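Welcome! Let us take a walk through this structure together, one step at a time.

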Amino acid sequence: MKQRRDALRTRRQAERWKRKFERHRELHRQIRAAAGDILESNNFMSTKGHIQHGDMTVNQHCVNVAKLSIAISEKLHIRCQREEMIRGALLHDYFLYDWHVGDAKKPHNLHGFYHPGIALNNASRDYDLTPRERDIIEKHMWPLTLTKIPRCREAWIVTTADKWCSLLETIHYVHGHGKVEGVEADQKTEFMEAKKASTEKKTRAAK
Ligand SMILES: [Fe+2]
Ligand SMILES: [Fe+2]
């Protein structure tokens, strides 16, 4: 009896996993169809070397935000321009540096405030953005960037998806494949040394 129950539970679990896997494959297919050029570009690939939150890379974070944006729009039956939403979601954090690694010149202390502008500049340089895509990238940090209020439903969906993904990454509910420990430790030391040198220089100049 117990064996039969166990077998049934295992089969249900397997079916659940299979549905989940199929769902993710379908979301990935949609993303590839809408933005294959972005996924394969060197700059976007380089974001695999940058950490977003926890051990999640910026690359995986952006793909996750795109997937969740599609899921939200489907679940809530929100009519939207799917392709633009996906492209905007992939490019929303296209700032192309690791914000955990600063130096005395660019400490990235205010990264949360200024990175949407940098991402927009980089994305405008590399792609012909539509007004919706621009809105998604520029406004995704609202309400932190108080005056940059999303003006289209695609931007509202992406900013919501971004917050949810960021929360799960920050509390380590979801995991990525980023190498945080070694990179951060080394570069933090470099940063601290550069900062110390800059302070000493200022002190010497003031004397
Ligand atoms: Fe962001
Ligand atoms: Fe983000």
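**A guided walk through the helices**

The buried residues of H7 pack against helix H3 (58-75), helix H4 (82-91) and helix H6 (131-139). Helices (H or I, at least four residues) and strands (E, at least two) are DSSP runs, numbered from the N terminus. A residue is buried if 20 or more other C-beta atoms lie within 10 Å of its own, exposed if 12 or fewer, and partly exposed in between, with C-beta atoms placed from the backbone. Two residues are in contact if their C-beta atoms, placed in that way, lie within 7 Å. Please keep in mind that this is a predicted model, in which local features need pLDDT of at least 70 and side-chain atom pairs count only at pLDDT 80 or more, while totals for chains, interfaces and linings use all residues. Residues are numbered from 1 along each chain as its sequence is written, and chains are lettered from A and ligands numbered from 1 in the order in which they are written.

Let us stay with H7 for a moment. Its buried residues are Glu154, Ala155, Trp156, Ile157, Val158, Thr159, Ala161, Asp162, Cys165 and Glu169. After H7 comes His172, with a positive phi near 60°.

Now step back to the whole chain. It holds eight helices and zero strands, and 32% of its 207 residues count as buried. Among contacts with a separation of 6 or more, 69% join residues 24 or more positions apart.

What lies in the middle of this packing? A nonpolar core is a set of buried Ala, Val, Leu, Ile, Met, Phe, Trp, Tyr and Cys residues joined through C-beta atoms within 7 Å. The largest one has 33 residues, of which Val65, Ala66, Ile86, Ala89, Leu90 and Val158 touch the most other members. At least two residues of this core come from each of H1, H3, H4, helix H5 (111-126), H6 and H7, and H3 gives the largest share, seven residues. Leaving aside residues up to four places away in sequence, Ala89 touches Cys62, Val65, Ala66, Ser69, Ile136, Val158 and Ala161.

Next, look at H5 and H6. Their axes come within 7 Å and cross at roughly 150°, which makes H5 roughly antiparallel to H6. Axes are lines fitted to C-alpha atoms, for helices over the stretch in contact, and angles run from 0 to 180 degrees between N-to-C directions; under 35 degrees counts as roughly parallel, over 145 as roughly antiparallel, 65 to 115 as roughly perpendicular and the rest as oblique. Pro116, Ala119, Leu120 and Ala123 of H5 meet Arg134, Ile137 and Glu138 of H6.

Finally, visit the loops. Between H3 and H4 sits His77, which has a positive phi of about 55° although it is not a glycine. His77 counts as exposed because it has 6 C-beta neighbours inside 10 Å. Leu96, in the loop between H4 and H5, also is not a glycine and has a positive phi of about 65°. With 17 other C-beta atoms within 10 Å, Leu96 is partly exposed. In the loop between H6 and H7 you will find Pro143, joined to Trp142 by a cis peptide bond with omega about 10°.
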